[in-house]
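Q: Could you take me through the cavities, the pocket and the metal site of this protein? I'll ask as we go.

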Amino acid sequence: MLVDSHCHLDFDSLQSDIEGVMARAREAGVERMVTISTRIKRFDEITAIAERFENVYCSVGTHPHNAHEELDIDVEEIVRLSAHPKCVAIGEAGLDYHYDNSPRDAQETGFRRHIAAARETGLPLVIHAREADDDVAAILEEETGKGAFPFVLHCFSSGPELAKRGLALGGYVSFSGIVTFNSAKAVQEVARTVPADRMLVETDAPYLAPVPHRGQSNEPGFVRNTAEFVAKLRDMAFEELAETTTANFDRLFAKAAR
Ligand code: NI
């Protein structure tokens with residue numbers, strides 16, 4: 001059985017056929033999924049999905065793209081909302097210097113608030129890092145110095161250095177469909193060598209569908225293709241990879257553990 005630790009079920013392309021998406025996930029052996037919040041001001045839409053489907057959990061957070069729109073939301077508000085029984089994580093938050101949709105200082109402020117909320121609640125922080133490896137690692141190191149917090153580097157697409165620094169802090173690394181792309185040799189190398197007890201798989205649906213679904217709208221059932229690819233990279237049986245990543249999920253996202 002597999003878990004998709006990161007998808008966006010609130011997006012229109014998934015909502016338009018949500019029953020089909022859930023049925024195909026079940027057929028692919030995906031037993032649970034976490035639908036990730038990108039705007040706290042729309043948290044109601046996220047909790048509605050998690051309340052509707054028994055095997056769907058959610059997070060609460062502001063994507064770095066939207067950081068400047070939610071600077072009025074403080075740590076206490078994030079902590080308060082995270083008490084929802086299906087909310088199992090904080091985020092996604094972090095730094096995105098590829099798009100720079102939010103000013104960088106707003107992204108950093110948001111990132112640090114989410115870290116504080118993760119530290120206070122003990123819920124794992126789901127981190128988005130794009131072309132900001134050094135700053136993400138430096139902030140994680142500095143903030144861990146003030147008090148540890150659990151986290152996952154989601155949709156890992158960075159270099160080996162960020163993986164190394166994240167792992168040294170006790171973090172997890174999650175692989176999306178990117179790892180199946182021919183061009184992603186560096187990500188494949190991280191997936192091959194990351195400690196077995198620190199890896200997760202995810203879709204980041206509706207984005208980044210893995211091979212052989214590239215170009216299609218991604219959905220949680222496709223996490224199976226990513227898991228099969230990573231199993232092959234690591235010379236593991238698929239069942240063992242599925243079991244390992246699910247056990248890791250239950251340890252990190254303990255509020256969703258079965
Ligand atoms: Ni995402």
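Q: Which residues line the second largest cavity?
A: In this predicted model, the second largest cavity is lined by I127, A129, L153, H154, C155, F156, S157, S158 and L162. A cavity here is a set of points on a 1 Å grid over the protein atoms alone where a 1.4 Å probe fits but cannot get out, and lining residues have an atom within 4 Å of a point.

Q: How much space lies in the second largest cavity, and how does its lining divide by class?
A: The space comes to about 40 Å³, where a volume is the space filled by probe spheres set on grid points that are joined across faces, edges and corners. Its lining has six nonpolar, three polar and no charged residues, with Ala, Val, Leu, Ile, Met, Phe, Trp, Tyr, Cys and Pro counted as nonpolar, Asp, Glu, Lys and Arg as charged, and the others, Gly among them, as polar.

Q: What about C155, buried or exposed, and how far away is the nearest cysteine sulfur?
A: C155 has a relative accessible area of 10% and so is buried, the terms being buried under 20%, exposed over 50% and partly exposed in between, with a 1.4 Å probe and protein chains only. The count of disulfides, meaning pairs of cysteine sulfur atoms within 2.5 Å, is zero. For C155 the nearest cysteine sulfur belongs to C7, 13 Å away.

Q: Which residues lie nearest the centre of the largest pocket?
A: Those are H63, H128, R130, D204 and Y207, out of 20 lining residues. A pocket is an open set of grid points with protein on both sides within 12 Å along at least five of seven lines, and this one holds about 490 Å³. Strand β5 gives the most to its lining, three residues.

Q: Which atoms are the protein donors of the nickel ion?
A: They are H6 (NE2), H8 (NE2), E92 (OE) and D204 (OD), lying 2.2 to 2.3 Å from the nickel ion. Donors are N, O and S atoms within 2.8 Å of the metal (3.2 Å for Na, K and Ca), and sites may look incomplete because water is not among the atoms. Both H6 and H8 are buried.

Q: Why is the arrangement around the nickel ion irregular?
A: The arrangement is irregular because the four donor atoms subtend angles of 86 to 176 degrees.

Q: Anything on numbering and confidence?
A: Residues are numbered from 1 along each chain as its sequence is written, and side-chain values use heavy atoms, with hydrogens and water left out. Local features need pLDDT of at least 70 and side-chain atom pairs count only at pLDDT 80 or more, while totals for chains, interfaces and linings use all residues.

Conventions:
Helix = DSSP H or I, 4+ residues; strand = E, 2+ residues; numbered from the N terminus. Tetrahedral: all angles 85-135°; square planar, octahedral: opposite > 155°, others 65-115°.
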